[in-house]
Amino acid sequence: MKKNFFIKYKGFSLLEIMMALVIVSIMLAVLAPVFTVKNSSSTTSINVTGGAPVGVIAAWYGTNYPNGWLPVDGRAIDGPEYATLRAALGGRDVLPDLNRNRESNDSMSWIIKAQR
């Protein structure tokens with residue numbers, strides 16, 4: 001007997017369910033190096049910045065920025081340590097100011113991966 005992959009199961013065909021599982025597994029494989037959990041006896045921390053390439057902009061809550069990240073606040077980026085960031089920004093020496101129009105009580109800011 002021939003199996004039909006288009007048989008509906010509660011609104012979705014078997015083929016649609018299989019494709020969704022493939023897409024989710026690919027997404028998890030790509031994001032696994034970025035989202036890593038570190039456990040110690042006293043604290044648990046989540047590292048969401050480890051695998052991001054230089055030049056990626058992300059939302060961040062608080063003022064304790066991860067190592068290698070800078071706030072996107074219009075500051076100058078000179079010096080050899082930011083050569084990769086300048087190349088990612090098309091040769092610009094100044095970061096854009098994405099944090100300018102935030103409300104004063106808002107703890108969210110935009111940060112950019114500046115160094116590896």
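Visitor: What makes Leu14, Leu15, Met18 and Met19 a nonpolar surface patch?

Guide: Happy to start there, with the note that this is a predicted model. Residues of a patch need over 30% relative accessible area and no salt bridge, and nonpolar side chains are joined within 5 Å. Leu14, Leu15, Met18 and Met19 make such a patch of about 330 Å².

Visitor: Why is methionine 18 called partly exposed?

Guide: The relative accessible area of methionine 18 is 37%. Buried means under 20% and exposed means over 50%, so methionine 18, at 37%, is partly exposed. As for its place, methionine 18 sits in helix 1, which covers residues 14-31.

Visitor: What makes the pair arginine 75 and aspartate 73 a salt bridge?

Guide: The cut-off is a side-chain nitrogen of Lys or Arg within 4 Å of a carboxyl oxygen of Asp or Glu. For arginine 75 and aspartate 73 the N to O distance is 3.0 Å, so the pair counts as a salt bridge. By this rule the count comes to 1 salt bridge.

Visitor: How do you know whether arginine 75 and aspartate 73 are buried, exposed or partly exposed?

Guide: Set the two values against the limits of 20% and 50%. Arginine 75 has 35% relative accessibility, and aspartate 73 has 31%. Both values lie in between, so arginine 75 and aspartate 73 are each partly exposed.

Visitor: Now to the sheet. What makes strand 5 and strand 7 a pair?

Guide: Two strands pair if there are at least two bridges between them. Strand 5 and strand 7 (residues 108-113) are joined by 5 bridges, so they pair, and they run antiparallel.

Visitor: Which order do the strands of the open sheet follow?

Guide: The open sheet has 3 strands in the order 5-7-6, paired antiparallel. Strand 5 (57-61) and strand 6 (69-71) each have a single partner strand, so they stand at the edges, and one side of each has no neighbour in the sheet. From one strand to the next, the twist averages 40°.

Visitor: How many helices and strands does the whole protein chain have?

Guide: The protein chain has 2 helices and 7 strands, and along the sequence they follow the pattern β-β-α-β-β-β-β-α-β.

Visitor: How much of the protein chain is buried?

Guide: Of the 116 residues, 19% are buried, which means that they have under 20% relative accessible area. The accessible surface of the protein chain comes to about 8,800 Å², with 61% of it belonging to carbon and sulfur atoms.

Terms used. Residues numbered from 1 in each chain as written. Predicted model: local features only at pLDDT ≥ 70, side-chain atom pairs only at ≥ 80, totals over all residues. Heavy atoms only, no water. Patch = residues over 30% accessible without salt bridge, like charges linked within 9 Å, V, L, I, M, F, W, Y side chains within 5 Å. Areas by Shrake-Rupley, 256 points an atom, 1.4 Å probe, with all protein chains shown as cover. Helix = DSSP H or I, 4+ residues; strand = E, 2+ residues; numbered from the N terminus. Buried < 20%, exposed > 50% of the residue type's maximum accessible area, 1.4 Å probe, protein only. Axes fitted to C-alpha atoms, helices over the stretch in contact; angles between N-to-C directions.
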